[in-house]
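I opened a new notebook page for this structure today. Here is what I looked up, step by step.

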Amino acid sequence: MSTTPPSSPDVFQALLIQARTQLLERMAYERGGLVSRADMAADHFDNSFQSRAQIQTERQTEFAMNEHETAELGDIEAALKRIQTGTYGQCTDCGVVIPPARLQAYPTAKRCINCQSLAEQHR
């Protein structure tokens, strides 16, 4: 039986590393290997049987997915860096301790609920 509490930075580090590995594997699988989404989108222009609107829609979807995956990967890397610097679990805006339940639900959380709500209102 493990003596490490579920809110230990080591536990979250392991979860984040696992999430990063799974994300990178999914990205590679969806892209068909080492081909970037941009290259895949460019290939769509070689398909003259598709309508221009369909090609544009597929291209925009691929770019949006790439942006989302890149942001997700960035969030994971930032959380891992906060673990290394000893600031993981502290709100980056106000400095209060983020409740372990929030971190368990959302391991990349960088803000407490109040600061996150404020940030979303100002978008």
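**Notes on helices and cysteines**

I began with α3 and asked which of its residues are hidden: I55, E62, E69, L73, I76, A79, L80, R82 and I83 are buried. I kept in mind that this is a predicted model.

Next I checked the length of α3, which runs over residues 52-85. Its 34 residues should span 50 Å at 1.5 Å a residue, and I found the end C-alpha atoms 49 Å apart, which agrees.

Then I turned to α1, residues 9-30. This helix has 22 residues and reaches 31 Å from first to last C-alpha, close to the expected 32 Å. I listed F12, L16, L23 and M27 as its buried residues. They cover an arc of only 45° around the axis, so they lie on the same side of α1. A reminder to myself: an α-helix has 3.6 residues a turn, so residues three or four places apart point the same way.

What covers the buried residues of α1? I found that the cover includes α3 and α4 (100-105). On the face turned away from the buried side, I noted the exposed residues D10, E25 and Y29.

Last, I looked for disulfides, with sulfur atoms within 2.5 Å as my cut-off. The count came to zero. For C94, the nearest cysteine sulfur is that of C91, 3.7 Å away. C94 counts as partly exposed, because its relative accessibility is 42%. The closest cysteine sulfur to that of C112 is in C115, at 3.7 Å, so it is too far for a bond. I marked C112 as buried, with a relative accessible area of 8%.

Terms used: Residues are numbered from 1 along each chain as its sequence is written. This is a predicted model: local features need pLDDT of at least 70, side-chain atom pairs count only at pLDDT 80 or more; totals for chains, interfaces and linings use all residues. Side-chain values use heavy atoms; hydrogens and water are left out. Helices (H or I, at least four residues) and strands (E, at least two) are DSSP runs, numbered from the N terminus. The expected span of a helix is 1.5 Å times one less than its number of residues. Buried means under 20% relative accessible area, exposed over 50%, partly exposed in between (1.4 Å probe, protein chains only). The arc is that of the directions from the helix axis to the C-beta atoms. Contact means heavy atoms within 4.5 Å.
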